[in-house]
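Me: Can we go through this one together? I'll ask, you answer.

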Amino acid sequence: MKFIHISDTHLIGDEYHSLYGIDPEFRLKKAFNSIDKWHKDAKFIAITGDLSNDGSKSSYKKLQEIVKNSILPVYFILGNHDTRDNFRQFFPHYAGNNFIQYPIKIEDKVFLFLDSAVENNPYGKLCEERLIWLENQLKTHKKESVYIFMHHHPVSCGLYEMDNMGNFKTQDTFWDLLKKYNNIKHISFGHIHRIMHSCKNGIPLHSTRSTAFQVALRTDCKEEYLTNEENPTYAIININKDGDTRVHHHEFMNEDRIYLGEC
Ligand SMILES: [Fe+2]
Ligand SMILES: [Fe+2]
């Protein structure tokens, strides 16, 4: 089974023309064109939040326009830049709950999409309602393989700003809950705008780059630096019949500039 992971699309509202000198809409369209071309056999695309940069209705309208032609189903969660009410106006099937979180079952696997966002704050957390929901889902699906998607990083990333102001405040509670189950196979997250792989309590985790702009790897200072010198990526996750997982990160902007050769 294969699925695609996109994160931090940061689409901008109509009143803006660019974001740090780049056009997030153009880049996201390139990502979807690439996925349509190379990954028709994937089961779905998961987009792990910060769908919008400004939470505006016009940014979600752009998202709606881009994803409506996708040949694969697209599942969303929200990040700290998003606005739930504005998002739901363009994706009304997500209405009816306080949060944007839900399970998707495919074959013998369950994909849990968590809502870690706290509107108007950079940090994330799972409040009591969301934690109870997660516990109920884990109890319900304890015989299946579970894969989790969330926006905030549930492990430290080594970047001061992200690990202090933009961190996941309920990290300890989250891991205490996960410790009770041995069927959680992988966690995919966003928010840090970088490729990072990690492992905690035997559970592998990864993030992929933003499809818009990146966070520079400056671990020695308290300021946050952004960069457009690192290309955007999406991730391709393959799970084989034994449950082994393979994660690739693909730089899609210049994917046709390749040549025959030997490694
Ligand atoms: Fe972001
Ligand atoms: Fe974020």
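Me: How many helices and strands does the protein have?

Reply: The protein has six helices and 13 strands. Helices (H or I, at least four residues) and strands (E, at least two) are DSSP runs, numbered from the N terminus. This is a predicted model, where local features need pLDDT of at least 70 and side-chain atom pairs count only at pLDDT 80 or more, while totals for chains, interfaces and linings use all residues. Residues are numbered from 1 along each chain as its sequence is written, and chains are lettered from A and ligands numbered from 1 in the order in which they are written.

Me: What percentage of residues count as buried?

Reply: 37% of the 263 residues. Buried means 20 or more other C-beta atoms within 10 Å of the residue's own; exposed means 12 or fewer, and partly exposed is in between, with C-beta atoms placed from the backbone.

Me: On to the sheets. What is the strand order in the sheet of six?

Reply: E4-E5-E6-E7-E9-E8, an open sheet with mixed pairing. Two strands pair if DSSP finds at least two bridges between them.

Me: Which strands stand at the edges?

Reply: E4 (102-106) and E8 (196-200). Each has a single partner strand, so one side of each is left without a neighbour in the sheet. Neighbouring strands here are turned by 20 degrees against each other on average, direction ignored. Axes for that are lines fitted to C-alpha atoms (for helices, over the stretch in contact), with angles from 0 to 180 degrees between N-to-C directions.

Me: How do E8 and E9 pair?

Reply: Antiparallel, over five bridges, with E9 covering residues 203-207. Met 196 has Ser 207 as its bridge partner in E9.

Me: And what is the order in the sheet of five?

Reply: E3-E2-E1-E12-E13, again open and mixed. E3 and E13 are the edge strands, each pairing on one side only. E2 (residues 45-48) and E3 run parallel, joined by four bridges. There, Ile 47 has Phe 76 of E3 as its bridge partner.

Me: What joins E1 to E12?

Reply: Four bridges, with E1 (residues 2-6) and E12 (residues 233-239) running antiparallel. Phe 3 stands opposite Ile 237 in E12. Ile 237 also stands opposite Val 247 in E13.

Me: How many residues lie between E12 and E13 in their hairpin?

Reply: Five, and Gly 243 in the turn has a positive phi of about 90 degrees. E12 and E13 (residues 245-251) pair antiparallel over seven bridges.

Me: Which other residues than glycine have a positive phi?

Reply: Tyr 20, near 50 degrees, is one of them. Glu 107, near 55 degrees, is another. Tyr 20 is in the loop between E1 and H1, Glu 107 in the loop between E4 and E5 (109-113).

Me: Buried or exposed, those two?

Reply: Tyr 20 is partly exposed, with 13 other C-beta atoms within 10 Å. Glu 107 has 10 such neighbours, so Glu 107 counts as exposed.

Me: Switching to the core. How many residues are in the largest nonpolar core?

Reply: It has 45, and those with the most contacts inside it are Ile 77, Leu 114, Ile 148 and Phe 149. Strand E6 (residues 145-150) gives the largest share, five residues. A nonpolar core is a set of buried Ala, Val, Leu, Ile, Met, Phe, Trp, Tyr and Cys residues joined through C-beta atoms within 7 Å.

Me: What is Leu 114 in contact with?

Reply: Leaving aside neighbours within four places in sequence, its contacts include Ile 77, Leu 126, Ile 148 and Phe 149. Contact means C-beta atoms, placed from the backbone, within 7 Å.

Me: Last one, H2. Which of its residues are buried?

Reply: Ser 59, Tyr 60, Lys 62, Leu 63 and Val 67, in a helix of residues 57-67. They lie on the same side of H2, because they cover an arc of only 150 degrees around the axis. That arc is of the directions from the helix axis to the C-beta atoms. The buried residues of H2 pack against H1 (24-38), E3 (74-77) and H3 (84-90).

Definitions and conventions. Two residues are in contact if their C-beta atoms, placed from the backbone, lie within 7 Å.
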